[in-house]
Amino acid sequence: MTVTREVRENGWCATLDLGKQVLHVEAAADEDALRALLPNLPHSPREPTSAAALLLKAKRFDDGLYAAVDLAAQHGAGGFAGKARLLRSLADALLAEPADAPHAALILAAGVLGGLAVPDAPALHAAVRALLEPFLGDELRSKPLGHYAWSPDLTAIFRQDRLLQTILEPATADALARALDRAAGGWSTYDACLRLAERLTNPLAVPGLRGDAEVRAFFPPSRSHEVVLFEKLYGDRPIPEGFDPMTEMIREVRSGGINLEPTKRSGWYDLQTWSLAPLLVPERMPESARLQCGQRYRRHLEDLFRGALALAREAHVKQAGGGYGGGSRGPRVPPIWVSPDLTVEPLPTLYARRATCYRFVQSLLEEEFGAATLKSLHRLTPAGPREASLAEELPAMERLFAGAAETACRELGMTPLPGTEGAGPAFADWREGARSDPDVSGDARMMVPVFYDVQRRQTKVWALLGWRATPVAVSYRVPPAVTRVAPQGPGEPARELDAPPVLFSGGHYHLAVPVLAEVYVNRLLDRDEFRRLCALHRTREAILANLR
């Protein structure tokens, strides 16, 4: 398939064959470190749509989707019975059996946190308080972050499920398993809850109640590449000064020590992380034959990876868990100047992979809740539910990212990547109104915990401090071939000698990038607390000094 472009100027039309075109992209030198950061993502219709804008759109969508699914999983939807029903029936089964009744304290405490109508057991009041008081006093476990602070219902689900991630004594795990045997639909509902958690985030980090493993949890957290790497390196030994899990993870991905390719067991978070790999290893992507990245632009892409992964982790903050531990004579007519014409940052594999993520999520939600139920589920926002259903929005998100991929391929002179053919208009339509899209406006600054350092008694967090606009130069390493130059409009064809020359020049753009820091903190700040601190101090150095 031949990819062509037409450039019209001074009454002439030049037809270009992009089949051998190669672009080179380089970012400007680092800006003044004392310059104030931008609280909102910079966006201009005169600039190409940055990958950051698309990833922020995805982040806001993902938050609302996850919140809607959390509520549906709690209260039941379609064929999914729900965690509330499971916990109530389990409490009844435990209290009905004297030998198992003492082990009901965990379920009763979770019911209190979740606002559920669980049975009252006066004999267990002290045991329930003994579970709740240290849990609520530990903000790393109990403080709702991200979208979980949007409403009391989401906060309750966060705390309920976080408590149920507690590692159980073997006797308690066995008693809970026996109670699931007795509860109506106990095991099927329980297995459905774990299956949804694994597919919506990732495989479980420790076993659930099935089997007799030494370490078990009722609703175990999910594993992630960053926490697995951290615990492998420093799970049982002191953490050295200057260790940053993000930096180490980037090094491992580039060296091949971590393979981000999804497996059959991978959940949505694995797919999101895999979709970001083109930012770290652009030379391994299909577009590398058409796109050369300068060293400073590669650092821009790395910064984008850092910010995008932190934002993705925050969406999964409840379930993701965390570690412890030449010239010629002048032209006779004015020349036709041709420069790269980008409407989107040229990262097609990134966008195509994110489209794959949304196909995956739609499939899993249809399997767990039913396709008909998806038409009644609406993603949430801080202002309330969206009018469109998830059955409408998920395909739209897939087409948006597939369209961005197809557009980037066309502008690079590539044939579309599989699964993106014909989707370009969806991106063009969104781009035209992107400035009024609430998903890419507003404040996205936040912090998300990665691990707790037992010796330092501090939490290492990923903190998105704000945004900056990076100047980027795009030039031709290999220009497109000129196949035809013809006058526009009717009339006799011009003679070849009359045609203007076609000359090539570079382009200059500004592309948004998030500014991320890894820092130890003494306490976690929710979005509002953190944004007030950032607004007060403004520069990276001042914000970090006050965080520490």
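Reader: What makes the second largest pocket a pocket and not a cavity, and how much space lies in it?
Author: In this predicted model, about 580 Å³ of space lies in the second largest pocket. A cavity is a set of points where the probe fits but cannot get out, whereas a pocket is an open set, so the word "pocket" says that this space is open.

Reader: Which residues are closest to the centre of the second largest pocket?
Author: Gln165, Pro221, Gly321, Gly322 and Tyr324 are the closest, out of 26 lining residues. A residue counts as lining if it has an atom within 4 Å of a point.

Reader: Which elements give two or more residues to that lining?
Author: Helix H5 (139-142), helix H9 (225-234) and strand E8 (446-453) do. E8 gives the most, with four residues.

Reader: What makes a residue buried, and what percentage of the residues are?
Author: Buried means under 20% relative accessible area. By that cut-off, 56% of the 548 residues are buried. The protein exposes about 23,300 Å², and carbon and sulfur atoms supply 51% of that area.

Reader: How far apart are the mean positions of the positive and negative charges?
Author: They are 3 Å apart, for 64 positive and 67 negative charges. Lys and Arg count as positive, Asp and Glu as negative.

Methods: Residues numbered from 1 in each chain as written. Predicted model: local features only at pLDDT ≥ 70, side-chain atom pairs only at ≥ 80, totals over all residues. Heavy atoms only, no water. Buried < 20%, exposed > 50% of the residue type's maximum accessible area, 1.4 Å probe, protein only. Areas by Shrake-Rupley, 256 points an atom, 1.4 Å probe, with all protein chains shown as cover. Charge placed at Lys NZ, Arg CZ, Asp CG, Glu CD. 1 Å grid on protein atoms, 1.4 Å probe; cavity = no way out; pocket = protein on both sides within 12 Å on 5 of 7 lines; lining within 4 Å. Points joined across faces, edges and corners; volume = space filled by probe spheres on them.
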